[in-house]
Amino acid sequence: MRVSLRLIVSLVVAVTLVSFAFAVYQVKAESKSKRAELEGRARILAESLSEAIELLPLTGSDQKLHQIVEKFGSRELLAGIAIYSSDGTPLITTSDLAHRKEALPPLDPSVPAGNSSGRFVRLGETEMYIYAVPLRAGDHIAGALALFHDVGYIEANRLKMWRDILARVVVQMLVIVAITLLVIRWTMVRPILLTAQWIRDLRAGRTARHGPSEEAVLKPLTLELTHLATSLQQARASAEAEARLRETAESLWTAERLRVFLRTVLEGRSLFVVSNREPYAQYHRGNSIETLVPASGLVTAMEPVLSASDGTWIAHGSGDADSLTADDHGRLRVPPDEPKYTLRRVWLSREEEEGYYYGFANEGLWPLCHIAHTRPIFRAEDWKYYREVNRRFADAVLEECAGTENPVILVQDYHFALVPRLIKEARPDARVAIFWHIPWPNPEAFGICPWQQELLDGLLGADLIGFHIQSHCRNFLDTVDRALECLIERERMTVTRGSHPTSVRPFPISVDLPDTPDEAAGRDSIFIERAALLRQLDTQADFLAVGVDRMDYTKGIPERFKGVERFLEQCPGYRGRFTLVQIAAPSRTRIGRYQDLATEVRGEAERINRRFQTRHWKPIILLERHHSHQEIEPFYRASDICIVTSLHDGMNLVAKEYVASRGDGGGAVILSRFAGASQELLDALIVNPYDTDQLASAIRTALELPPEERRERMRRMRRTVKENNIYRWAADLIAAVSEIRLETPEVVASPGGFGRQTSARAS
């Protein structure tokens with residue numbers, strides 16, 4: 001109430017002052033205009049009258065002269081007329097001025113000299129305007145004519161204007177007060193009350209009936225309250241989870257548990273993460289800068305780690321506005337709304353990005369490691385850029401950890417195979433791990449690479465190399481055994497190159513599965529959500545399947561479409577009832593193979609749709625654009641099946657994301673046996689994506705699973721994902737690298753051009 005009163009009083013005072021200032025200006029302008037109008041009228045009348053009077057003798061006894069003066073003196077607003085002699089003595093006056101004859105002011109000295117004169121004077125209580133003109137008789141001045149106008153009407157008009165203005169201001173004040181009260185109520189009081197109720201519901205643990213206010217004036221407060229509410233919900237969920245853990249002796253990992261764990265494991269050591277993709281990227285959006293967070297499991301896992309240790313994330317600055325938000329060294333604190341760690345951006349030229357990323361990494365290493373029948377392309381120029389960029393990133397890491405004792409460095413993925421050796425040579429006291437997110441092929445396949453020895457030597461600079469599954473670890477050991485001279489202890493999964501040991505271990509990456517069930521995911525709400533999605537897609541269907549992939553040849557999208565086609569051939573009863581929604585995010589569109597794949601996928605979808613579609617139904621809906629996780633989530637919840645047909649995949653988190661989203665216990669997963677996830681999600685329907693009949697049969701089986709079996713399969717898969725979530729992956733990886741016993745090496749040159757350890761002692 002006090003705020004409203006202050007606001008109203010402030011508005012009233014402000015409007016009153018502004019209105020008064022404008023009123024003063026308006027009244028003065030109007031009075032000036034009236035006076036100017038009076039002066040003009042007096043001049044015209046005086047000049048007309050003087051012409052008639054100059055024809056008569058100027059004597060006080062001339063009867064005709066008296067008649068003319070009396071006749072004109074009766075005009076409106078004219079107080080009287082006076083005729084003066086040449087010496088300034090009044091000769092004739094109108095009756096209204098007769099009693100003032102002795103008090104009439106003298107003529108202006110300029111009039112006897114032959115000039116007209118106008119002036120405002122006061123006669124007693126009355127303000128007059130006197131306009132005088134000379135009267136000529138031949139060549140000399142015989143007298144003067146003076147017109148007297150009463151100026152009182154101008155003052156009366158001014159007073160009337162002030163009364164009108166005062167009345168108008170009073171009405172304005174009443175209207176402003178009323179509007180202000182309404183505006184305060186609807187744009188501030190009501191949103192604040194709704195936001196307060198929202199916070200009250202959250203604090204009480206109830207389902208919030210309303211969300212926070214979206215009013216622009218409260219936007220900053222709403223953002224902070226949303227963050228506060230999110231923290232409150234997370235804290236409550238963590239507390240409830242910990243209580244359940246104590247009660248059931250389970251081992252559920254959460255972001256909070258990971259933070260606590262890291263404080264113990266790292267023992268104050270600084271943590272540094274190196275990846276090609278940055279966790280926050282800034283892009284120009286019109287006149288503003290928008291921050292985007294990539295939909296990445298790596299970001300989900302690493303953020304709690306770096307936040308807990310106040311660490312540093314080194315990544316390629318890919319956003320077109322990244323340089324505007326970072327300092328001169330490419331650093332900025334993130335997350336933007338609540339900074340907890342440092343992001344260090346490394347800038348690459350277009351040529352470097354083309355050669356290192358699109359060239360060697362994605363036209364060479366990517367197809368080399370994925371057995372998907374796409375020939376890898378190796379160019380000496382690309383290898384040159386790959387080495388240079390790896391050196392750039394290693395230098396950035398060394399710069400960031402300069403002065404830090406015993407840093408822990410986590411290198412991510414195939415983009416940086418050379419970085420571990422480069423860092424280890426310069427900082428033997430650093431604990432270095434690299435996680436290889438894609439498969440590792442057999443030795444024969446990897447032997448295609450002309451620079452396999454240099455890549456392997458670079459990787460073996462790490463203290464720990466992580467893969468998703470055990471078979472990738474075995475393939476790596478076999479490749480090292482065949483390509484390099486080293487000591488391999490398969491029982492301990494260790495490679496010793498020179499005198500430097502490297503552990504090789506599996507760390508299956510996962511997703512975050514909330515510990516609380518999805519209360520809103522009842523069967524009725526699933527059908528409502530599906531109906532809404534189908535309306536958006538302009539189709540009708542009783543059964544819905546979803547595929548979510550990058551447009552990549554390793555994902556088996558054409559094979560998936562052929563499986564749907566075969567299913568509709570074998571089961572015509574599902575025609576008009578079953579639809580696959582394929583979400584395919586464009587990827588690496590500068591590479592010719594990816595362009596060819598996109599054309600092939602579109603062609604297959606159009607061919608199958610032409611064969612089976614009806615007026616209101618299509619068997620395949622292809623959505624070829626980037627979708628956020630929030631946009632994908634409804635498709636996960638509303639679909640009967642998630643189909644994953646990777647031809648070769650390190651893990652494939654789509655299958656796990658689908659399981660995590662099914663809090664209702666529904667849905668089924670068809671999963672390629674060539675995806676790492678198939679070794680964990682044993683209750684999925686495992687298929688060979690190259691076997692079209694087997695894939696078609698799996699689609700039918702998934703649709704016709706008894707409800708109880710479907711729920712039991714999903715329950716077991718959800719338990720697996722929950723117990724082995726992304727936070728456990730991060731904890732296991734960091735615990736493993738933190739336990740490594742470091743050696744202080746003596747360094748000599750290695751055949752690959754990097755350092756090789758020849759002797760060591762315990763540090």
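This is a predicted model: local features need pLDDT of at least 70, side-chain atom pairs count only at pLDDT 80 or more; totals for chains, interfaces and linings use all residues.

Modeller: Residues are numbered from 1 along each chain as its sequence is written, and side-chain values use heavy atoms, with hydrogens and water left out.

Biologist: How are H6 and H22 oriented to each other, roughly parallel or roughly antiparallel?
Modeller: Helix H6 (residues 255–266) and helix H22 (residues 726–738) have axes that come within 10 Å and cross at roughly 5 degrees; the axes are lines fitted to C-alpha atoms over the stretch in contact, and angles run from 0 to 180 degrees between N-to-C directions. Helices here are DSSP runs of H or I with at least four residues, and strands are runs of E with at least two, numbered from the N terminus. Angles under 35 degrees count as roughly parallel, over 145 as roughly antiparallel, 65 to 115 as roughly perpendicular and the rest as oblique. The crossing angle therefore makes H6 and H22 roughly parallel.

Biologist: How many charged residues does the contact of H6 with H22 have?
Modeller: Contact means heavy atoms within 4.5 Å, and among the residues that make it are Leu 258, Phe 261 and Leu 262 of H6 with Ala 731 and Ile 734 of H22. Ala, Val, Leu, Ile, Met, Phe, Trp, Tyr, Cys and Pro count as nonpolar, Asp, Glu, Lys and Arg as charged, and the others, Gly among them, as polar. By these classes the contact has 11 nonpolar residues, 1 polar residue and no charged residues.

Biologist: What is the handedness of the crossing of H9 and H10?
Modeller: Helix H9 (residues 350–369) and helix H10 (residues 380–400) pack at about 110 degrees with their axes 8 Å apart, and are therefore roughly perpendicular. A crossing is left-handed if the near helix is turned anticlockwise from the far one by less than a right angle, and right-handed if clockwise. The crossing of H9 and H10 is left-handed.

Biologist: Which strands each supply at least two residues of the lining of the largest cavity?
Modeller: A cavity is a set of points on a 1 Å grid over the protein atoms alone where a 1.4 Å probe fits but cannot get out, and lining residues have an atom within 4 Å of a point. The largest cavity holds about 70 Å³ of space, and its lining includes Tyr 84, Ser 117, Arg 119, Ile 130 and Phe 148. At least two residues of that lining come from each of strand S3 (117–123) and strand S4 (126–137).

Biologist: Where is the residue Pro 335 found?
Modeller: The peptide bond from Val 334 to Pro 335 is cis, with omega near -5 degrees. Pro 335 belongs to the loop between strand S10 (331–334) and strand S11 (341–346).

Biologist: What is the value of phi of Asn 406?
Modeller: Asn 406 lies in the loop between H10 and strand S12 (408–412). In this residue, which is other than glycine, phi has a positive value, near 50 degrees.

Technical notes. On a 1 Å grid over the protein atoms alone, a cavity is a set of points where a 1.4 Å probe fits but cannot get out, and a pocket is an open set with protein on both sides within 12 Å along at least five of seven lines; lining residues have an atom within 4 Å of a point. Grid points are joined across faces, edges and corners, and a volume is the space filled by probe spheres set on the points.
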